[in-house]
Every structure is written in C-alpha cells, then in structure tokens.
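This briefing describes the chain shown below. The points that follow its lead sentences are grouped by topic.

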Amino acid sequence: MLSLKPNCERCDIDLPADANDAMICSFECTFCKNCVETKLKGICPNCGGNFVSRPIRPHKLLAKYPSSTERVLAK
Ligand SMILES: [Zn+2]
Ligand SMILES: [Zn+2]
C-alpha cells in the first residue's frame with residue numbers, strides 16, 4: 001500500500017491524498033507535477049527512476065487507511 005506522503009520533497013508544497021498533481025517513483029519518492037516536469041525532467045533525483053501519477057485514494061477509505069503525515073524534504 002502506498003504511504004501517500006503529504007508534500008513535495010523538492011518545493012514542500014502540500015500534496016494531500018486527493019491531490020491530482022502528485023507524482024511518485026517506484027520507491028515512492030514524491031514530488032509535485034510542476035517540479036517533475038520543469039525541474040526534474042521526469043527523472044527521480046533520489047534513485048534515477050521515472051515517475052507516474054500517484055493514484056488518488058478515495059476519501060471514504062482514508063479513515064481506515066490514512067495517508068502518511070510525515071513530511072519528507074530533500075536536503
Ligand atoms: Zn514540487
Ligand atoms: Zn526515487
């Protein structure tokens with residue numbers, strides 16, 4: 001199950017579980033679409049992999065399967 005990290009690792013913008021502009025790599029490094037397209041050129045700076053759009057977890061399931069609240073920010 002995805003942890004659904006709450007922010008972009010690069011610009012720290014909020015990416016809630018229902019954000020439609022969240023992108024993840026296979027390790028679930030999480031960035032906003034803007035950073036992926038304009039800054040990262042589609043390549044994850046942490047692992048070198050590619051990105052896909054993060055699926056949105058339906059709201060009714062978030063109570064049972066909450067998204068992560070641990071903010072991760074690249075140093
Ligand atoms: Zn960003
Ligand atoms: Zn990565």
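C44 is buried because its relative accessibility is 3%, where buried means under 20% relative accessible area, exposed over 50% and partly exposed in between (1.4 Å probe, protein chains only). C11, at 40% relative accessibility, therefore counts as partly exposed. The number of disulfides is zero, a disulfide being a pair of cysteine sulfur atoms within 2.5 Å.

This is a predicted model, in which local features need pLDDT of at least 70, side-chain atom pairs count only at pLDDT 80 or more, and totals for chains, interfaces and linings use all residues. Residues are numbered from 1 along each chain as its sequence is written, chains are lettered from A and ligands numbered from 1 in the order in which they are written, and side-chain values use heavy atoms, with hydrogens and water left out.

**Fold and dimensions**

- The chain contains two helices and three strands; helices (H or I, at least four residues) and strands (E, at least two) are DSSP runs, numbered from the N terminus.
- Read from the N terminus, the order of these elements is β-β-α-β-α.
- The chain has a radius of gyration of 12 Å, close to the 11 Å that the globule rule gives for 75 residues, so it is as compact as a globular protein of that length. The radius is taken over C-alpha atoms, and the globule rule is 2.2 Å times the number of residues to the power 0.38.
- The C-alpha trace spans about 35 × 20 × 20 Å along its principal axes.

**Packing and surface**

- Buried residues make up 36% of the 75 residues of the chain.
- Among contacts with a separation of 6 or more, 54% come from residues 24 or more positions apart; a contact means heavy atoms within 4.5 Å.
- The accessible surface of the chain is about 4,800 Å², and 55% of this belongs to carbon and sulfur atoms. Accessible areas come from the Shrake-Rupley method with a 1.4 Å probe; for residues, only the protein chains shown count as cover.

**Salt bridges**

- The structure has three salt bridges, each defined as a side-chain nitrogen of Lys or Arg within 4 Å of a carboxyl oxygen of Asp or Glu.
- One of them joins the side chains of K5 and E9, at 3.9 Å from N to O. K5 counts as buried because its relative accessibility is 16%, and E9 is buried as well, at 4%.
- R71 also takes part in a salt bridge with D12, with the closest N and O atoms 3.2 Å apart. R71 lies in the segment after α2 and D12 in the segment before β1 (22–24), so this pair ties together parts that are 59 residues apart in sequence.
- A further salt bridge links R71 to D14, where the closest N and O atoms are 2.9 Å apart. Because D14 too lies in the segment before β1, while R71 lies in the segment after α2, the pair ties together parts 57 residues apart in sequence.

**Nonpolar surface patch**

- M1, L61 and Y65 form a nonpolar patch on the surface, with about 320 Å² of accessible area together. Patches are made of residues with over 30% relative accessible area and no salt bridge: like charges are joined within 9 Å, and nonpolar side chains (Val, Leu, Ile, Met, Phe, Trp, Tyr) within 5 Å.
- L61 is located in helix α2, which covers residues 59–62, and counts as partly exposed because its relative accessibility is 34%.
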